[in-house]
Amino acid sequence: MERVVRHFQEELEALQGRLLEMGGLAEERVRLAVQGLVERDTGLLDGVLQHDEPINELHIEIDNRCFKLLALHQPVATDLRAIVAAVKINTDLERVGDLAVNIAEAAKRYLVHPPVKQLIDIPRMGDIAQSMLRDSLDSFVRRDIGLAHQVLNEDDELDGLKTQIFRELLTFMLQAPATVEPALDLILVSRHLERIGDHATNIAEDVIFMVSALDVRHHAPTHPQA
Amino acid sequence: MSSTARTIPSLASVASRQQAEPSDPVAPTKIEAESLDFFYGTTRALEGITLRIRTNVVTAFIGPSGCGKSTFLRTMNRMNDIIPGTRVTGGLRIDGHDIYAPGVDVVALRRRIGMVFQKSNPFPKSIFENIAYGLHVNGMAGSKADVAARVEESLRQAALWDEVKDRLQTSALALSGGQQQRLCIARALAIRPEVLLMDEPASALDPIATQRIEELIYDLKKTYTIVIVTHSMQQAARVSDYTAFFWLGRLVEYDRTDQIFTAPTEKLTEDYVTGRFG
């Protein structure tokens, strides 16, 4: 029993390490995509577009690790919740990686045109989305429900900024039809950043479930079996 | 103990929170223990057990060796009476009647509360006689045809009939281990008990025989109240509706099995089911 448990524990820790690695990669790509847009640096954007493989490989590797742990160790209770959470977090992180690519694509299209306006709210959204992502992963590592709840609260700010950006760009588009195309790309970028916040929220919810067995999704704190 | 093991909390922290009811009691109570203590001489093997076992469900008892789960199982049909120097205090009621009250007919009690042991123990007789014997001893044998019908019924209930119907007169000892265990279950069922106590019924069997016993338990709970002691956590998770976790002679947690194996309330339970100790 002792040896088996240690083996399982080591596998679980390795799984956690790989998830964090994936989280770091996803967060970095979001940072580079937003930076490329703000600094009008197509080289950075190309880097985001061309280096999707490590995240995709980790996505598959992490799923395989989870499958093996479930099949070989039949975990229960907190261990089971940790692995189920890992499967879901893995999917969220892979989507964040995809969204970084989407941002880079929209940014490249945007940079073909003259700037519509000075970008203030979009980098702010980028900072918040990255911080939510970072905090959600920290809450996972530290089993910190308080931090996970903080991530859930931050999502409202991101949603508010997205709405604000849309309204502002709408006025630009109404005044100058030539700005429609680049403004739409900025709206898309804000939409992608808002989605990244949603994925960080999902991760935080998974952390709360993993630690406390409480399902807080859809604003309804219930026990999973209730 | 593993180097990764967490610290085991003190027993005192769980004793006061002992739970007599699972979180969603639906079926009526069949067996009810109240502040039950059990002593082997001066050694207290069970301490303050209070729990209610529901009718026609499977209740699993889990816990490390020596935690008292088998002792508690055996108090339910007074099997411990045969061990000298044992003593029970507190209440143990079946259908509301105290089974330790003076004047209780222990033989009649054991007829209602059947038992299956870890090691199959068929009599050195034919398959047929193994089952008919209990009927004769208990004065339940009617005509020959009645006995034959009851033997068939029991063997069918124990999912053994198709395998032995053509050789009922051969020795039970010629059966495989899994078949012998199912024969013992059939023998227990023949006298139509209300409760079936199973003390690690599959621990000596291979995976296929184990699966058959587990399927059998699943079928039998429609008719019987089943209490099973098992060392296999997976088995408890697979077959039982409710699980009670015992530790050092106390009941630590008692709840729906899915609850125990996904989100137990007590840290001790968590540590045990995840293999952190035991």
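This is a predicted model: local features need pLDDT of at least 70, side-chain atom pairs count only at pLDDT 80 or more; totals for chains, interfaces and linings use all residues.
## Strands of chain B

In chain B, strand β1, which covers residues 29-40, runs antiparallel to strand β4, which covers residues 86-94, and eight bridges join the two. Within this pairing, B:F38 stands opposite B:V88 of β4(B).

Strand β4(B) is also joined by two bridges to strand β5 of chain B, residues 97-98, and these two strands again run antiparallel. Here B:R93 has B:D98 in β5(B) as its bridge partner. The strands β4(B) and β5(B) form a hairpin with two residues between them, and in this hairpin B:D95 takes a positive phi near 50°.

## A helix of chain A

Helix α7 of chain A, residues 180-212, has 33 residues, and from its first C-alpha to its last it reaches 47 Å, which is close to the 48 Å expected at 1.5 Å a residue. The residue that follows α7(A) is A:A213, and its phi is positive, near 65°.

## The largest pocket

The largest pocket holds about 510 Å³ of space. Its lining is made up of 19 residues, and those that lie nearest the centre of the pocket are B:R110, B:M115, B:N138, B:R187 and B:I191. When the lining residues are sorted by class, 11 are nonpolar, five are polar and three are charged.

Several elements of chain B contribute to this lining, for at least two residues come from each of α3 (106-112), β6 (113-116), α4 (127-137) and α7 (177-190).

Terms used
Residues are numbered from 1 along each chain as its sequence is written. Chains are lettered from A and ligands numbered from 1 in the order in which they are written. Side-chain values use heavy atoms; hydrogens and water are left out. Two strands pair if DSSP finds at least two bridges between them. Helices (H or I, at least four residues) and strands (E, at least two) are DSSP runs, numbered from the N terminus. The expected span of a helix is 1.5 Å times one less than its number of residues. On a 1 Å grid over the protein atoms alone, a cavity is a set of points where a 1.4 Å probe fits but cannot get out, and a pocket is an open set with protein on both sides within 12 Å along at least five of seven lines; lining residues have an atom within 4 Å of a point. Grid points are joined across faces, edges and corners, and a volume is the space filled by probe spheres set on the points. Ala, Val, Leu, Ile, Met, Phe, Trp, Tyr, Cys and Pro count as nonpolar, Asp, Glu, Lys and Arg as charged, and the others, Gly among them, as polar.
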